[in-house]
Amino acid sequence: MTGILRALTLFIVLGTGTASASPVELRGVVDTERPRGCSDYSFLLWDFYRAELWSDAQQLPGDEFALALTYRSAFTRDELVQASIDEMTRISGRSESSLADARREMEQGFRDVAVGDRITALRTSANELRFYLNGAETGTMTRDVDLFLAIWLGPKSRHKDGREALLAGRCNG
């Protein structure tokens with residue numbers, strides 16, 4: 001799978017689905033029973049994952065929030081890391097080599113995912129994301145945190161409808 005195809009297959013939006021209960025890793029951190037915004041990410045007939053924005057903030061996303069991705073397809077850690085790096089490179093215009101520290105942190109924090117697995121990125125401060133797989137903490141990212149989150153929440157996101165749903169506090173579908 002080429003880098004561009006990998007990025008497309010992981011991040012293209014169609015948008016359907018329903019909200020879920022608060023992930024266990026967010027209990028005591030985000031005081032809400034439902035995501036503030038959500039969107040399904042698919043390409044053609046292939047469903048990849050559902051993105052949910054969890055936040056207590058009046059203005060989304062807020063200072064402390066989480067982005068949870070529940071996978072509908074299996075991916076290896078390497079596929080997830082490379083797709084993220086490809087998008088971060090595209091969004092920032094920076095070279096892939098300039099994201100080496102972020103890549104290392106993602107390689108440590110990401111795991112292979114199967115259908116039904118959930119990766120949650122909890123932003124605890126401006127320079128820290130904590131990664132969880134199905135509620136178990138797997139690592140921390142301190143490099144290029146905003147750039148990573150821009151894949152879904154930034155103005156250069158490939159998925160304008162998904163970004164709008166997440167930030168407008170609604171669920172597509």
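This is a predicted model: local features need pLDDT of at least 70, side-chain atom pairs count only at pLDDT 80 or more; totals for chains, interfaces and linings use all residues.
Me: Why is Val30 called buried?
Reply: Val30 has a relative accessibility of 4%, and buried means under 20%; Val30 therefore counts as buried. The residue is found in the loop between α1 (3-11) and β1 (37-43). Leaving aside residues up to four places away in sequence, Val30 touches Trp54, Ser55 and Asp56. Its C-alpha atom is separated by 8.3 Å from that of Ala66, 36 residues apart along the chain.

Me: What makes the pair of Arg72 and Asp40 a salt bridge?
Reply: The closest N and O atoms of Arg72 and Asp40 are 3.1 Å apart, and the criterion asks for a side-chain nitrogen of Lys or Arg within 4 Å of a carboxyl oxygen of Asp or Glu. The pair therefore meets the definition. Arg72 lies in the loop between β3 (65-71) and α2 (77-92) and Asp40 in strand β1, 32 residues apart, and the pair links these distant parts of the chain. Asp40, Arg50, Glu52 and Arg72 are linked in a network of salt bridges. A search of the whole structure finds 13 salt bridges.

Me: Are Arg72 and Asp40 buried or exposed?
Reply: Buried means under 20% and exposed over 50%, with partly exposed in between. Arg72, at 34% relative accessibility, is therefore partly exposed, whereas Asp40, at 1%, is buried.

Me: How do you know that Arg94 and Asp144 form a salt bridge, and what does the pair tie together?
Reply: Their N to O distance is 2.8 Å, and the limit is 4 Å; the side chains of Arg94 and Asp144 thus meet in a salt bridge. Arg94 lies in the loop between α2 and α3 (100-109) and Asp144 in the loop between β6 (136-141) and α4 (145-153), so the pair ties together parts that are 50 residues apart in sequence. Arg94 has a relative accessible area of 30% and is partly exposed; Asp144, at 24%, also counts as partly exposed.

Me: Which parts of the chain are linked by Arg123 and Asp146, and why is Arg123 called buried?
Reply: Arg123 forms a salt bridge with Asp146, the closest N and O atoms being 3.4 Å apart. The pair links strand β4 (residues 118-125), which holds Arg123, to helix α4, which holds Asp146, 23 residues apart. Arg123 has 14% relative accessibility, and because buried means under 20%, Arg123 counts as buried. Asp146, at 46%, counts as partly exposed.

Me: What makes β1 and β6 edge strands?
Reply: The sheet is open, with 6 strands in the order β1-β2-β3-β4-β5-β6 and antiparallel pairing. β1 and β6 each have a single partner strand, so one side of each is left without a neighbour in the sheet. On average, neighbouring strands are turned by 20° against each other, direction ignored.

Me: How do you know that β1 and β2 pair?
Reply: Pairing asks for at least two bridges between strands, and β1 and strand β2 (residues 46-55) have 7, in the antiparallel sense. Phe43 has Trp46 in β2 as its bridge partner, and Cys38 stands opposite Glu52 in β2. The hairpin of β1 and β2 has 2 residues between the strands, and in it Leu44 takes a positive phi near 55°.

Me: Why is β1 described as largely enclosed?
Reply: Of the 7 residues of β1, 6 are buried, so β1 is largely enclosed by the rest of the structure.

Me: How do you know that the buried residues of α3 are on the same side of the helix?
Reply: The buried residues of α3 are Ala102, Arg103, Glu105, Met106 and Gly109. They cover an arc of only 165° around the axis, which puts them on the same side of α3. These buried residues pack against α2, β5, β6 and α4.

Me: Which residues have the most contacts inside the largest nonpolar core, and which element gives the most to it?
Reply: The largest nonpolar core has 36 residues, and those with the most contacts inside it are Met88, Met106, Met141, Phe148 and Trp152. At least two residues of this core come from each of β2, β3, α2, α3, β4, β5 and α4. With 8 residues, α4 gives the most. Another core, of 7 residues, lies apart from it and includes Leu26, Trp54, Ala66 and Ala68.

Technical notes:
Residues are numbered from 1 along each chain as its sequence is written. Side-chain values use heavy atoms; hydrogens and water are left out. Helices (H or I, at least four residues) and strands (E, at least two) are DSSP runs, numbered from the N terminus. Buried means under 20% relative accessible area, exposed over 50%, partly exposed in between (1.4 Å probe, protein chains only). Contact means heavy atoms within 4.5 Å. Axes are lines fitted to C-alpha atoms, for helices over the stretch in contact, and angles run from 0 to 180 degrees between N-to-C directions. A nonpolar core is a set of buried Ala, Val, Leu, Ile, Met, Phe, Trp, Tyr and Cys residues joined through side-chain atoms within 4.5 Å. The arc is that of the directions from the helix axis to the C-beta atoms.
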